[in-house]
Amino acid sequence: MSSWARFIASRTAADPHLKLNAIFARLFALALALGAIPGAALLHAQDLPAGLTARLVACGACHGVDGNAPLRETPSLAGQPVVFLENQMVLIREGIREIALMKGALEGVTDADITALARHYARQALKPPAASRDAALFAKGEKLAEQNRCGSCHLPSYAGREQMPRLAAQREDFLLHSMRQFASNQAVGRDTLMAASLHGLSDPDLVAIAHYLSRIGP
Ligand code: HEC
Ligand code: HEC
């Protein structure tokens with residue numbers, strides 16, 4: 001038995017409040033053996049109901065098991081408000097927010113599972129933003145975000161709240177991709193308030209805003 005599997009087994013036996021069971025521990029041990037789950041993320045995944053582990057590994061292929069997305073135009077989920085994540089997962093599961101890549105990914109996932117997944121990702125630490133900054137682009141983005149009062153909903157720190165997502169330290173390519181979707185009314189199933197908020201901004205403006213938001217701390 002690996003040291004991690006032993007650790008999980010000992011925690012399971014010691015703490016009756018943990019929802020881990022023997023199967024969960026074995027699945028995790030297997031995923032760990034395959035290198036699918038970094039040890040740091042594991043520590044925070046202990047509250048997930050058994051059965052969600054395999055799902056988490058599947059989501060992790062695109063969003064990162066710790067919620068820091070390794071793929072382009074794919075959102076990091078770490079540190080997002082629970083309500084935002086719950087809402088989006090329900091919209092995606094019901095096919096209201098259409099994401100071709102996620103077809104079937106949430107099929108059969110119950111509301112309770114969605115809440116568990118949302119809490120898991122909300123608790124993960126978002127990686128610090130890339131240090132490289134284009135000073136002129138950053139300053140332009142900062143000014144535009146202020147002028148357009150993006151912080152009135154997303155909070156002045158852009159940490160998000162309730163149904164409003166965190167924008168700070170999100171992947172730059174995803175921020176730009178989603179703003180372009182809103183601006184061209186391609187954001188099927190998403191909040192129409194956002195399209196209105198981007199009214200009058202040009203594409204170079206969106207490029208600057210994405211650069212700015214992706215470079216501010218989580
Ligand atoms: C094959 C890749 C892939 C897999 C697997 C996948 N996703 Fe996604 N997911 C995406 C992409 C890409 C987007 C953004 C799409 C867009 O807005 O155009 C997304 C969006 C989301 C969003 C909305 C986040 C936001 O900031 O707008 C949530 C929440 C989410 N996924 C959760 C999950 C969960 C939970 C799983 C596993 C059950 C999962 N995803 C599996 C690719 C994937
Ligand atoms: C009136 C409130 C409001 C204002 C003002 C607002 N937003 Fe939003 N924003 C939202 C909501 C709500 C969502 C979630 C959309 C959904 O549910 O589909 C969102 C989503 C987003 C997303 C998608 C992020 C993700 O993870 O999916 C981006 C990017 C974004 N906003 C950027 C901005 C920028 C930039 C501004 C300023 C120009 C702005 N927002 C102003 C309410 C607002």
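Visitor: In this protein chain, what share of the contacts with a separation of 6 or more do residues 24 or more positions apart account for?

Guide: The model is a predicted one. Two residues are in contact if their C-beta atoms lie within 7 Å. In the protein chain, 70% of the contacts with a separation of 6 or more come from residues 24 or more positions apart.

Visitor: How many helices and how many strands does the protein chain have?

Guide: The protein chain has 11 helices and zero strands. Read from the N terminus on, its elements therefore run α-α-α-α-α-α-α-α-α-α-α.

Visitor: Is A78 buried or exposed?

Guide: One counts the C-beta atoms around a residue: with 20 or more others within 10 Å it is buried, and with 12 or fewer it is exposed. A78 has 25 other C-beta atoms within 10 Å, and therefore it is buried. The residue lies in the loop between α4 and α5. Of the 218 residues of the protein chain, 31% count as buried.

Visitor: With which residues is A78 in contact, leaving aside its neighbours within four places in sequence?

Guide: A78 is then in contact with D66, G67, N68, Y121, Q124, A125 and L126. A further distance concerns V65: it is 13 residues from A78 along the chain, and the two C-alpha atoms are separated by 9.5 Å.

Visitor: Why is P70 exposed?

Guide: P70 has 12 other C-beta atoms within 10 Å, so it counts as exposed. P70 also has its place in the loop between α4 and α5. From C-alpha to C-alpha, P70 and G60 are 9.1 Å apart in space, and they are 10 residues apart in sequence.

Visitor: Which residues come nearest to ligand 1?

Guide: There are 21 residues around ligand 1, and those that come nearest are C59, C62, P75, L101 and A105. The most comes from α4, with six residues.

Visitor: Which residues come nearest to ligand 2?

Guide: Around ligand 2 there are 22 residues, of which C150, C153, R190, D191 and S197 come nearest. The elements that give two or more residues to the shell around ligand 2 are α8 (151-154), α9 (172-183) and α10 (192-197).

Visitor: How do the residues of the shell around ligand 2 divide into nonpolar, polar and charged?

Guide: The shell around ligand 2 holds 13 nonpolar, six polar and three charged residues.

Technical notes. Residues are numbered from 1 along each chain as its sequence is written. Chains are lettered from A and ligands numbered from 1 in the order in which they are written. This is a predicted model: local features need pLDDT of at least 70, side-chain atom pairs count only at pLDDT 80 or more; totals for chains, interfaces and linings use all residues. A residue is near a molecule or strand if its C-beta atom, placed from the backbone, lies within 6 Å of it. Helices (H or I, at least four residues) and strands (E, at least two) are DSSP runs, numbered from the N terminus. Ala, Val, Leu, Ile, Met, Phe, Trp, Tyr, Cys and Pro count as nonpolar, Asp, Glu, Lys and Arg as charged, and the others, Gly among them, as polar.
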